[in-house]
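Hello,

Here is the structure we spoke about. Please load it first, then read the notes below.

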Amino acid sequence: MDRNRLFWASRRGMLELDLVLLPFLENVYDTLGEADQRRYQQLLECEDQDLFAWFLRRGDPDEPELQRIVQVIRDNTGLQQ
């Protein structure tokens with residue numbers, strides 16, 4: 001996915017998600033390995049309410065691949081416990 005599409009896919013309908021995903025895209029995404037970049041792209045296909053719950057530690061994705069990228073985002077965007 002090219003950078004412009006990633007930006008628009010990272011913009012969500014919720015300000016709270018925009019405040020997590022857009023800085024992550026700008027500051028961290030390019031430093032990720034190819035596998036984690038694919039995981040991020042896969043994550044963007046998830047529902048906003050799921051993303052919100054995962055980032056707030058109200059649950060975790062069922063898929064290990066998504067669990068990994070959610071944790072990477074938590075670790076790099078001030079969402080640590």
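Which residues does Tyr-40 touch, not counting residues up to four places away in sequence? They are Leu-6, Ser-10, Leu-21, Phe-24, Leu-25, Tyr-29, Ile-69 and Ile-73. Contact here means heavy atoms within 4.5 Å.

Some ground rules. This is a predicted model: local features need pLDDT of at least 70, side-chain atom pairs count only at pLDDT 80 or more, and totals for chains, interfaces and linings use all residues. Residues are numbered from 1 along each chain as its sequence is written, and side-chain values use heavy atoms, leaving out hydrogens and water.

The core. Tyr-40 is also among the residues with the most contacts inside the largest nonpolar core, along with Leu-43, Phe-55, Ile-69 and Ile-73. That core has 21 residues. A nonpolar core is a set of buried Ala, Val, Leu, Ile, Met, Phe, Trp, Tyr and Cys residues joined through side-chain atoms within 4.5 Å. Buried is under 20% relative accessible area, exposed over 50%, partly exposed in between (1.4 Å probe, protein chains only). Helices are DSSP runs (H or I, at least four residues), numbered from the N terminus.

Helix α5. Its buried residues are Leu-66, Ile-69, Val-70, Val-72, Ile-73 and Arg-74. Their cover includes α2, α3 and α4. Just after α5, Gly-78 takes a positive phi of about 80 degrees.

The loop. Gly-13 sits between α1 (3-10) and α2. Gly-13 counts as exposed because its relative accessibility is 76%.

Regards

Key: Helices (H or I, at least four residues) and strands (E, at least two) are DSSP runs, numbered from the N terminus.
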